[in-house]
Amino acid sequence: MYCREGLMSVGLTGTKLGCGEGGCGSCTVMVSKYNHLEKKIIHIAVNACLAPLCSLHRTAVTTVEGIGSSTTRLHPVQERIAKSHGSQCGFCTPGIVMSVYTLLRNNPDPTMAEIEDTLQGKVSSWEFTSSGGSERGDPDLHS
């Protein structure tokens, strides 16, 4: 069983299945684990359609439902994408949100090149620009 199937079995439907081959990023989740060498928690963006559930032992998996929702409060990444009309049909948006969220958890002040690298290969023709994306000095985006 893969991570995405496990998430669906417990009612977490925000992680989408696009290509099923790890190429589109619609199924992106954040996996967090303690790195004993660096003595800190590291966060990794993972394609849930490819990650065997058994490989996630002793990790924390964060889905788009875990960072914010329209019934409680959107996470600043979700809010910024929505306010900037940053998605087209919205199917791949959860994967984009989780990729950016993971980047910000590892690096609260990324360069534009790091942001572009994070979003490379996402499913839609959505483009991340400085006018529609992160304003680097915005502290709300990094919480």
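**Notebook: loops, helix packing, chain totals**

I began with Arg 58, which lies in the loop between β2 and β3 (60-62). The model is a predicted one, and I read each value below as computed from it. Phi of Arg 58 is near 65°, a positive value in a residue other than glycine. I noted this because most residues other than glycine have a negative phi. I then looked up the accessibility of this residue. At 75% relative accessibility, against a cut-off of over 50%, Arg 58 counts as exposed.

Next I turned to Lys 39. I found Lys 39 in the loop between β1 (28-35) and β2 (40-47). Lys 39 is not a glycine, yet its phi is positive, at about 55°. Is Lys 39 buried or exposed? With a relative accessible area of 64%, Lys 39 is exposed.

Then I went to the helices. I recorded an angle and a distance, since two packed helices are described by the angle between their axes and the distance between the axes. For helix α3 (residues 93-106) and helix α4 (residues 112-119) I have an angle of about 140° and axes 9 Å apart. That makes α3 oblique to α4, because an angle counts as roughly antiparallel only over 145 degrees. I logged the crossing of α3 and α4 as right-handed.

Which residues make the contact? On the α3 side I listed Ile 96, Ser 99, Val 100 and Leu 103. On the α4 side I listed Glu 114, Ile 115, Thr 118 and Leu 119. By class, the residues of the contact of α3 with α4 are five nonpolar, two polar and one charged.

Thr 118 has 18% relative accessibility and the cut-off is under 20%, so Thr 118 counts as buried. Leaving out residues up to four places away in sequence, I find Thr 118 touching Ser 99, Val 100 and Leu 103. What lies 2.9 Å from a polar atom of the side chain of Thr 118? I found the backbone oxygen of Glu 114 there.

Last, I noted the totals for the chain. I count four helices and three strands in the chain. Along the sequence I read the pattern α-β-β-β-α-α-α. Of the 143 residues in the chain, 42% are buried. I also took the contacts between residues at least 6 apart in sequence, of which 60% join residues at least 24 apart.

Note on methods. Residues numbered from 1 in each chain as written. Predicted model: local features only at pLDDT ≥ 70, side-chain atom pairs only at ≥ 80, totals over all residues. Heavy atoms only, no water. Axes fitted to C-alpha atoms, helices over the stretch in contact; angles between N-to-C directions. Helix = DSSP H or I, 4+ residues; strand = E, 2+ residues; numbered from the N terminus. Parallel < 35°, antiparallel > 145°, perpendicular 65-115°, else oblique. Left-handed = near helix turned anticlockwise from the far one by under 90°. Contact = heavy atoms within 4.5 Å. Nonpolar A, V, L, I, M, F, W, Y, C, P; charged D, E, K, R; others polar. Buried < 20%, exposed > 50% of the residue type's maximum accessible area, 1.4 Å probe, protein only. Polar contact = N/O pair within 3.5 Å; in protein donor to acceptor, adjacent residues only side chain to side chain.
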